Structures are given as structure tokens and as C-alpha cells.
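Student: I would like to learn how to read a model like this one, feature by feature. Can we go through it together?
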Amino acid sequence: MNRFRLMALCVLLVAPGLLTAGTAQPWLDATRTPESRALLVLKAMTLDEKLAMLHGPMALPLAGVPIELSPLPAGARWSAGFIPGVPRLALPPLLETDASLGVTNPLGIRPGDVATAMPATLALAATFSPELAYQSGATIGSEAHAKGFNVLLGGGMDLTRDPRAGRNFEYFGEDPLLAGVMAGEAIRGTQDQHVISTAKHFALNANETNRNSLDARIDPAALRESDLLAFQIAIERGHPGSVMCAYNKINGDYSCANPWLLNGVLKKDWGYPGWVMSDWGAVHSELDALQGLDQESGEQLDSRVFFAQPLAQAVAAHRIPQTRIDDMVYRILRAEFSTGLIEDPPAVRQIDYAAHAHIALAVAQAGVVVLKNASTILPLRADIRRIAVIGGQAQVGVFSGGGSSQVTPSNGAIRVPIGGNGGMSHYRDALYFAPSPVIALRKALPVASVLYDSGAFPEDAAALAAKSDVALVFVTRHEMEGYDVPNLRLPQGQDVLVDAVAAANPHTIVVLETGNPIEMPWLPKIAGLLAAWYPGQEGAQAITDILTGKVNPSGRLPMSFPESESQLPRTKLPNFGIAEGVAVSVDYTEGADVGYRWYARRGIRPLFSFGFGLSYTTFAYEHFKIEGADTLKISFEVINTGTRAGADVPQVYLTATPMGSDLRLIGFSRVELQAGERRWIRLSVDRRLLARYDEVKHLWRLPAGTFAAQLGTSATQLGARQSATLKRVTFADK
Ligand code: BGC
């Protein structure tokens, strides 16, 4: 090295502050690895610059504070969050927006700004289609980019342990493989648009009641085999730049200050290279940095801005080493470089909403689950004359879930602020996405007369149903972030309504627009049943397409539907009615036996099982075979034995291991087949789905012996059984 270059390097290392934008900025060289770029720029940063990257505000007025008194930080956009950049070093700010169902416009803060409102994540999960998950993530990512954002707070993916939990519609259901694969693909889709995605809420955000003071208690090994395995699979597949830690505690420590969870599981065992950002208002001390938290988000919501002055003082007092600060910043920088934030900065531009609506429609169509079709009432006959549409505000639109994920759709909505109390009450809106099912049905069935009744008076609805060929009852339940629903029943007298209509007309079809299962005391009396979830802005069209048979249903349940709360691990909603802020706990004693595994272990038959869903064609499976090598290798053939094209989702469940009987989804595949068409499916099983986690040794143990699996159409409809022998093996996470 010549003398000049040596001197330059010394200046760089010794006096980072001297490096200005005018000097060479080698970290801008995109041919270098993200790791080396991050290291280079880190060396050029002052301590103040580093500390400034570790916290940032919510770029929104606090609830009740007028916008004039809430200035937008320089360089920010009105949205969920903002972290300033370092212009001197060409480091961009982090412009953060919610989230998984589309780019949000919280409280209408950006007047007139709309976005493609995708179906609820639960509907996406019901597609069992990694391709659709990718496309959905990519569509949302591209809209975020075109609205000037470079971080999407997406990737919501906690497992459903309680079908009353208010955020389940934002997540992918109860199975770790399904949730992990689908979330991973959605994240990958977003990040391919050069927008960083999170995976959230890490971890065990399984109930909303008193979420900020809830201690979620669980056996750590069981958590590794369930919720954490879902995150692990998603992270391996999607490589999210950031993981957002949750509000709740896990086994006594806040998720955002949980050394076992963050330093141990995530960073050490899994080798996660990204950064941990806090949820908004989830930081409790600057010393959380020592437990693995890298960044404080939505800082006005914390009792102090811990990662500003207090963190700086802790560093000065050597309570937090400088190396830890460097690690925190390095993790953020590495993610920025690896996701292409610098090379392809977000830029406000026009969005092709019509094109994106096709993706929303495709997800909604594939996510509707037909649960009952007695006497093949579906698809509706083309010569049908009179259709009664009842309830659910089906004359204005389809329902959506509430909270920070709620999107203002691109094709219109009606908003009803429903009020109430609690920390999230300012978000408590009932939002109906246009167009309405009534309009979509009238268009699809022009010769039929489609009449609407609000369902306010069951007698009126029944009278209309009695004069109709078919009665379609739309039922809704408002579910949202920050609140659990108190039980599994339909609110506002809708059970009475369905009963009355079904008594008046045996050709009654119920369409569920909910974010969770519900109890259905009227199920034997109705002919048809669809779970449409919160189907997004194209929901009315998707429901109509399924009802009329334009689209062959292919959705499968991503969560079991119990008969009643008495079948649940916790028969009453934990902590119901307790004042906000009071410390509470929930014991997740079911451990890794989440959802269908719980029912199987207890010998309980739920109303509808995980994986269940009907089609208008029929499928058969042949040549099911399992071979044992390093893991189980599965092959079989799927045949469409019916008369029309359709998609099937064959599922393979582990049913027995050398340690005894078990039930775990170990493989699935969504297959589109023409009538009469056959296709071979080959799957290689992720060994972690066969193994048990040893929390003492920090490794997975696969015992020697015979593993049996069955090929089926749901967790309780299991067909051919095959088995294979595996050798004993232990393996670590990475
Ligand atoms: C939610 C997060 C969201 C954040 C920012 C929090 O209340 O839990 O999911 O990303 O707000 O809006």
C-alpha cells in the first residue's frame, strides 16, 4: 500500500467524523457484499450518528393531539414510523408503513391516499398457496415503494392458540409449517421490491387482552416446536431485514427485553443477521439493548425515549459497551444494503390499482372456504329467479378487520366509527369495502331478482326468504387489534336471524365475514356455508364467483373451527373484563399441541378441522409412498376425478413416531388440475417437523425408528398410511 492510501485509511479509522459526502464513500459500491458495506460505513459514523439510528417516532399525532401540534419530523412521511437517516453518509431514513394487508393510511392522515386492500392474512393462509403469498407480499411492497416507503411492517405471523384473539385475521392460522412457508413467501415478495419487511410479533402474541402487560407462559421447548418454528421457517425463506418483538412478556420477560428469546433463540441459535425493532410502545428500559433489542420504534408511546439520552448515558457510563451499539447499527445497515434500499430508493409514483386488484381478487377467490354444500346447493343454478340477500350490510360492501393493519381501499369504503374504550379505540372503525355483494350478485345473475333485507328484524328477513329460491345470509363480526372477542358467538342477534331465515327457507346459505371461527348452533338447518374471512376489496366479487361457480372453491381452513368454547384449551377468554394495564398472565399449557394437535391429543372432534374445504370437483390420491433417508421423502399422485377444473390441497400428516402417536402437518401442496388430469407430487420433509427440541442442549433430537404418515384432506380426514425408518440424529438450528 502506498503512503497516501495508508494515511487515508488511518484518517478513516481514527477520525470518522472527517469523512464527508464529498469523499469517497466505498459503502455505496453495490458490488461489495452487504456485510462489507455495513462495516465500511459503520467505521465512518460518529457515536451520535449511530445512536440516532436506534430510535425514532411514530410519524403520526398521538391520539387526541391535533395535527398542528404534532409536527412531522424532517424527512418523514405521515405513517406508522420514522428513523432519520445520515445524509452526510448517504444513508437514507427508514420510512415505515403498516402492513400485511396493504399499505395503510392511519386515521386518514394522508388525505385521499388509498391502497389495494388485500384479503386478511387468514384468507391468504387459506389458499395454501406460497405463490399467492409471494404475489401478495410483492404487490404490497411495490405499493409501499411507490408511496415513498422503504420499510413495510408486514409479516404478521403468530400462531392461533385462541380463536378469540383479536389479531388472528392478521396472521396465518395455527400450523407452524403453513404459517412459516406462507409468511416467508410474503416477506420475500415484499423485499424483492427493495422494501424491508419485518416478521412480527416475536413472539407468542396469542391474545390481545392487556397485551402490554400480559405474561405468556409456556414450556420453552414446546414454543420452539410451534410458534418459534413458524418464525424460523419464515426467516429462512424470506430473510426479513427486521424482526418486530411483541408487546407481551414470555415467561416473565418482555419480548423486547427477553435475553432468551432475542439474544439466545433468534441471534445465537438461528444466527439471525437482521435487527430487532420494538413494537410501538414496547420498550421499558435502555438496558433492553443488552437483551437483544436493537431499535426503539414509535418512541412517543414509551414512558421515556429510552434509546435516546438514556442509552447514550448508559454507553458513556460503560453500562452498555460500544461494541453493542456497533452491532445494533451494523444489523440495520446490513439489512438496508442487502434489500437494495440505497440503489433503489422509494419514489412516489402512480400505482396501477386495476392490476393490483387482480391479485387481491385471486387471493380472495382462492381463500374462500366452502364448509357445507348440502344437496349440491352450490354452485347456484344459472336459472335461479329470486335471491334474498340478508344482513351483514351486504348492500354496501364486505367487512374488514380493525387496527393498525386496516387499509383504506382503492375502490371505496364506508366507515362507521364504532367507538368504545381502550388504548386502540381511536382505531375502532367498522369499515365496509365496496363494491357490495348485492351489486356483484346482480351483475353476475342478470336474470335473477336480488333483493336485500338488512336483517334488523328477523321476521322481515324470513318473510323475504320464504318468497325466494335461495337466501344468502351474510354474517359479520368486528375483530381488531388490541381487543379479543369475548366468546365464539356471532354478535348482535345474528344467530336469531340465521335461525329465522333457515326456518323460512331450507335453501339458506351463510357467508361468514369474520376473523376467527364462530359457533354455529344453526349449522344443521342451513344448506350452504362459506368462510370468506375478511376478503379484502375484491371480496364481493370473489364470494359471488364462488357462489355462482365461476370459480371452483379451493380454500382450506388454516385454523380448526371448534364446536364450542368447551373444546378449547381455555374454555373462557383469559382475563376477560380486567382493567387495561393490570398485569395478567396466560398459561399456554397446550404447549406445542396448537389447534388440531390439541384436539387430536384430547380425542376431541372439532366442528371443522384444520385443512378442510370443499370443491365442486372431486380428487383422488394414488401411489402414496414414503422413503426414509436423511428425512422422509414423500411421493403420490393427485387426480382430478370430477368433471371440472379445480385446485386441491393434499396434506400429509405425521401420525406416529418412535415416541408414540402425534399429529403434525409435514407437507402440503396446492395443485391446479383440469378434469381428468393427474400430477405427481414429491415432498421432502423438514426434519424439525419430525423431531423434538432439547432445550438443555439446544438441539433437535430425531429418535431412531419408524415414522408413519397419512395422506389426507384435513387433519381429521386421513387416508392412506405409509411409514419409513429413520436413523437417530441430533442437529442444531444452523
Ligand atoms: C402494532 C404493530 C404495528 C405498529 C405500528 C402496533 O400497535 O402492534 O403491528 O406495526 O403498531 O403501527
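Student: How many salt bridges does a search of the whole structure find?

Tutor: Keep in mind that this is a predicted model. The general idea: side chains of opposite charge can pair when their charged atoms come close. Here, the search of the whole structure finds 45 salt bridges. One of them pairs arginine 319 with glutamate 286, at 3.8 Å from N to O. The two sit 33 residues apart and link distant parts of the chain. Arginine 319 is in the loop between helix 10 (309–316) and helix 11 (322–339), and glutamate 286 is in the loop between strand 9 (275–277) and helix 10.

Student: Are arginine 319 and glutamate 286 buried or exposed?

Tutor: Arginine 319 counts as partly exposed, because its relative accessibility is 41%. Glutamate 286 is buried, with a relative accessible area of 12%. The cut-off for buried is under 20%.

Student: Which residue forms a salt bridge with aspartate 327?

Tutor: Arginine 331 does, and the closest N and O atoms are 3.2 Å apart. Aspartate 327 is partly exposed at 27% relative accessibility. Arginine 331 counts as buried at 10%.

Student: Where do arginine 601 and aspartate 662 lie?

Tutor: Take the bridge itself before the location. The side chains of arginine 601 and aspartate 662 meet at 3.5 Å, N to O. Arginine 601 lies in helix 17 (residues 596–602) and aspartate 662 in strand 24 (residues 660–668), so the pair ties together parts that are 61 residues apart in sequence. Arginine 601 is partly exposed at 47% relative accessibility, while aspartate 662 is buried at 12%.

Student: Which residues are linked in a network of salt bridges?

Tutor: The network holds Arg167, Glu170, Glu208, Arg211 and Glu481. Remember Arg167 and Glu481 for the ligand.

Student: Which residues are closest to the ligand?

Tutor: The ligand is surrounded by 13 residues, and the closest are Asp98, Arg167, His201, Asp279 and Glu481. Now the distances from an oxygen atom of the ligand to an N or O atom in a side chain. For aspartate 98 the value is 2.5 Å. For histidine 201 the value is 2.7 Å, and for lysine 200 it is 2.8 Å. Taken alone, the ligand exposes 310 Å², and the protein buries 94% of that.

Student: What is methionine 244 in contact with, leaving aside its neighbours within four places in sequence?

Tutor: Its contacts include Lys200, His201, Phe202, Ser278, Asp279 and Trp280. Methionine 244 is found in strand 6 (residues 242–245). The residue is buried, with a relative accessible area of 2%. For scale, methionine 244 and phenylalanine 457 are 46 Å apart in space, C-alpha to C-alpha, and 213 residues apart in sequence.

Student: Is threonine 190 buried or exposed?

Tutor: Threonine 190 counts as buried, because its relative accessibility is 2%. Its place is in helix 6 (residues 176–191). Beyond its sequence neighbours within four places, threonine 190 is in contact with Gly137, Ala138, Gly141, Leu152, Val195 and Ser197.

Student: Which residues make the nonpolar surface patch?

Tutor: Leu62, Val65, Leu69 and Leu301 make the patch, which is about 320 Å². Leucine 69 lies in the loop between helix 3 (47–52) and strand 1 (81–83). At 62% relative accessibility, leucine 69 counts as exposed.

Student: Which peptide bonds are cis here?

Tutor: Most residues other than glycine have a negative phi, and most peptide bonds are trans. Another cis bond joins alanine 434 and proline 435, where omega is about 0 degrees. Proline 379 is in the loop between strand 10 (369–373) and strand 11 (386–390). Proline 435 is in the loop between strand 14 (429–433) and helix 13 (437–444).

Student: What is the phi of leucine 107?

Tutor: Phi of leucine 107 is near 55 degrees, a positive value in a residue other than glycine. Asparagine 210 also has a positive phi, of about 50 degrees, and is not a glycine. Asparagine 210 is found in the loop between strand 4 (196–202) and strand 5 (214–217). The residue counts as buried at 9% relative accessibility.

Conventions: Residues numbered from 1 in each chain as written. Predicted model: local features only at pLDDT ≥ 70, side-chain atom pairs only at ≥ 80, totals over all residues. Heavy atoms only, no water. Patch = residues over 30% accessible without salt bridge, like charges linked within 9 Å, V, L, I, M, F, W, Y side chains within 5 Å. Areas by Shrake-Rupley, 256 points an atom, 1.4 Å probe, with all protein chains shown as cover. Salt bridge = Lys/Arg side-chain N within 4 Å of Asp/Glu carboxyl O. Helix = DSSP H or I, 4+ residues; strand = E, 2+ residues; numbered from the N terminus. Buried < 20%, exposed > 50% of the residue type's maximum accessible area, 1.4 Å probe, protein only. Contact = heavy atoms within 4.5 Å. Near = heavy atom within 4 Å. Polar contact = N/O pair within 3.5 Å; in protein donor to acceptor, adjacent residues only side chain to side chain.
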